[in-house]
Amino acid sequence: SWIFGREFGDGTITGLFALPVARPTIAAAKLIVYSIWAVVMSLALLLALVVFGLGFGLGPLTLDALPAMGRQIVLGMLTAAITSPAAWAATLGRSVLAGIGTAIGILVLSQVAVIAGAGGWFPFTAPALWAVSNGSQVSPLQLALVIPLVAISCALTLRTWRRLQLDR
């Protein structure tokens, strides 16, 4: 939300229009930088968990911990990916708060989906349910629903930036 909405709040969107770079290219660069940041942070979190675990005397890593560590990395990256609708909302609403409001709405819908028993089929909750259940509560097909969600959100964001105008 901040990556896309701040341009409107800070008034820097007019400067972006003056650049000889296509607006969808700018939006794509923002999405790519966010994706790289998410991967780096997921790896850094795993490293921090290992270091703090060793520091607090949990002992050396065992082979049994490797699948959980893999799930942690994947969960971090998928969690970052499912925030992509906030980029589109922040662009449409032309503010950081529009993206934050969307994220809160998604959080509420996610809670309802889990309580209703449909959490595995809801792309916003599937990664967390997959990680906490060791993969037993969410099928690969359910987890794969994250891919079209992210693809559609990113495509809508790029399309919106392509048609973006300053007159609003």
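Here are some notes on the predicted model shown above, point by point.

1. **Ground rules.** This is a predicted model, so local features need pLDDT of at least 70 and side-chain atom pairs count only at pLDDT 80 or more, while totals for chains, interfaces and linings use all residues. Residues are numbered from 1 along each chain as its sequence is written, and side-chain values use heavy atoms, with hydrogens and water left out.

2. **The overall build.** The protein chain has 9 helices and 0 strands. Here helices (H or I, at least four residues) and strands (E, at least two) are DSSP runs, numbered from the N terminus. Read from the N terminus, the order of elements is α-α-α-α-α-α-α-α-α.

3. Of the 168 residues in the protein chain, 35% are buried. Buried means under 20% relative accessible area, exposed means over 50%, and partly exposed is in between (1.4 Å probe, protein chains only). The chain exposes about 9800 Å², and carbon and sulfur atoms supply 74% of that. These areas come from the Shrake-Rupley method with a 1.4 Å probe, and for residues only the protein chains shown count as cover.

4. **Contacts along the chain.** Take the contacts (heavy atoms within 4.5 Å) between residues at least 6 apart in sequence: 66% of them join residues at least 24 apart.

5. Val-96 is found in helix H6, residues 96-115. It counts as partly exposed because its relative accessibility is 23%. Leaving aside residues up to four places away in sequence, Val-96 touches Ser-1, Trp-2, Gly-5 and Arg-6. Val-96 and Trp-2 are 94 residues apart along the chain, yet their C-alpha atoms are separated by 5.3 Å.

6. **Arg-94 and its phi.** Arg-94 sits in the loop between helix H5 (84-93) and H6. Most residues other than glycine have a negative phi. Arg-94 is not a glycine, but has a positive phi of about 55°. Is Arg-94 buried or exposed? It counts as buried, because its relative accessibility is 17%.

7. **Aromatic pairs.** Rings of Phe, Tyr and Trp (its six-membered ring) pair if their centres lie within 6.5 Å; planes under 30 degrees apart count as stacked, over 60 as edge-to-face and the rest as tilted. By this rule there are 4 aromatic pairs. One of them is Phe-52 with Phe-56, which is stacked at 6.3 Å centre to centre with 25° between the planes. Both Phe-52 and Phe-56 are exposed. Phe-122 and Phe-124 form a tilted pair, 5.4 Å centre to centre with 55° between the planes. Phe-122 counts as partly exposed because its relative accessibility is 21%, whereas Phe-124 counts as buried at 16%.

8. **Charges.** Lys-30 lies over the face of Phe-4, at 5.8 Å from the ring centre. The rule asks for NZ of Lys or CZ of Arg within 6 Å of the ring centre and within 35 degrees of the ring normal. For the whole chain, the mean positions of the 9 positive and 4 negative charges are 10 Å apart. Lys and Arg count as positive, Asp and Glu as negative, and His and the chain ends are not counted. Each charge is placed at NZ of Lys, CZ of Arg, CG of Asp or CD of Glu.
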